[in-house]
Amino acid sequence: MDANFVLLAIVIVTALSFDFTNGFHDTANAMATSIATGALRPKVAVALSAALNFAGAFLSLKVAATIATGIVETGAITLTIVFAGLIGGLAWNLLTWYFGIPSSSSHALIGGVVGATLIAAGASAVKGAEIVSKVLIPAVLAPLAAILVATVGTYLVYVITRNVPDGTRGRGFRYGQIGSASLVSLAHGTNDAQKTMGIITLAMIAAGAIGKDAGTPPWVIVASATAIALGTYLGGWRVIRTLGKGLTEIETPQGFAAEGSSAAVIFASSHFGFPLSTTHVCTGSVIGSGIGKHLSEVRWSLAARMGAAWLITLPAAAAVGALAWSGANVIGGALGVAVVFGVALVLSGALYLASRRQPVNAGNVNDEWAGRLAPAAKVREHAA
């Protein structure tokens, strides 16, 4: 069997694995507030989100084009670079999931690819200006826009419905949340599934399987949509708990306003081809929903920890991407990539086993927040 084919196959499997982690890492973006307010039961929420993420992946390819050709020079890219970049993104996704931090899969992937490209091909192969205009600036503006929109939206929601009885208002917004959460799931599929489509397209260009100007093959779209939907259905309960219970105590009007704001910002971004972080947008919206009701509702210490994680996402993923490329390059060829893939698999398994010591799942995701990720009852059970 041709070594280049084996290498391409490993890269595609790694890309789809990243897509899968993107799904379960980001389930919280659409469904955390609906689960927290009880608008949807946890299992129903992740199933609905998975179906809409799958559908959303077919709606646009602009973000895929940005990832495939917008951040690095395609002529300098090799399959090993693409693989190492994916390992960088994958590692950051899994690490932040373990700690329940809603961090950006988009920035992790871009950081990984840039880090691997820098060490393998030099700074000239990285499109610095495009990264600034299409990644860094949206990374700053998107959450701020989401906070602003959600703050205004939440304030208006409470003002407009101030004379409506609490019970009636709660029921009405609970139904509204199902619609707004569905819209966020559709928007998430539209934006995030395209990242994997873009990276697989980049790998196929590097392998010579398709031309530089070729579009994304249909089977890549279907495979990426399926992977992110499966990951979403698995449910990233650790991140869902942080976003739904940790940042602020959410009522149904806040959840409705937060989800509506997120959907509006994400759809606008996808239209212009910006691979923004849906996580940053949705987190910003949740913060805005807390500010819009009452400033003191937001747990700012937790928000600050998230902000710190966001700041180091790009360099941390870049460092892992560079390390993965170096490791594969020392051994060389398909064997080097296979060895790094095997090491990544073992470390991922170890992280999963560690997470089982203090599990967060559909049964305890809505337990009272006591300042830590794992619900107190589960900690006591484990200690016993």
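**A pocket, a cavity and a surface patch**

The largest pocket in this structure, which is a predicted model, has a volume of about 540 Å³. It is lined by 25 residues, and those closest to its centre are Phe24, Leu94, Trp97, Leu234 and Tyr352. Two or more lining residues come from each of helix 1 (3-37), helix 4 (79-98), helix 9 (237-246) and helix 13 (333-355), and among these elements helix 13 gives the most, with 8 residues. When the lining of the largest pocket is sorted by class, one finds 15 nonpolar, 8 polar and 2 charged residues.

The structure holds 1 cavity of 30 Å³ or more, and the largest cavity contains about 50 Å³ of space. Its lining draws at least two residues from each of helix 1, helix 10 (252-272) and helix 11 (278-293), with helix 1 giving the most, namely 5 residues. Among the lining residues of the largest cavity are Ala28, Asn29, Thr33, Glu259, Ser262 and Cys282, and by class the whole lining divides into 7 nonpolar, 4 polar and 1 charged.

The last stop is on the surface, where Val132, Leu136, Ile137, Val140, Leu141 and Leu144 form a nonpolar patch that has about 510 Å² of accessible area together. One of these residues, Val140, has its place in helix 6 (residues 128-160). Is Val140 buried, partly exposed or exposed? Val140 counts as partly exposed because its relative accessible area is 49%, a value that lies between the limits of 20% for buried and 50% for exposed.

Technical notes
Residues are numbered from 1 along each chain as its sequence is written. This is a predicted model: local features need pLDDT of at least 70, side-chain atom pairs count only at pLDDT 80 or more; totals for chains, interfaces and linings use all residues. Side-chain values use heavy atoms; hydrogens and water are left out. On a 1 Å grid over the protein atoms alone, a cavity is a set of points where a 1.4 Å probe fits but cannot get out, and a pocket is an open set with protein on both sides within 12 Å along at least five of seven lines; lining residues have an atom within 4 Å of a point. Grid points are joined across faces, edges and corners, and a volume is the space filled by probe spheres set on the points. Helices (H or I, at least four residues) and strands (E, at least two) are DSSP runs, numbered from the N terminus. Ala, Val, Leu, Ile, Met, Phe, Trp, Tyr, Cys and Pro count as nonpolar, Asp, Glu, Lys and Arg as charged, and the others, Gly among them, as polar. Patches are made of residues with over 30% relative accessible area and no salt bridge: like charges are joined within 9 Å, nonpolar side chains (Val, Leu, Ile, Met, Phe, Trp, Tyr) within 5 Å. Accessible areas come from the Shrake-Rupley method with a 1.4 Å probe; for residues, only the protein chains shown count as cover. A salt bridge is a side-chain nitrogen of Lys or Arg within 4 Å of a carboxyl oxygen of Asp or Glu. Buried means under 20% relative accessible area, exposed over 50%, partly exposed in between (1.4 Å probe, protein chains only).
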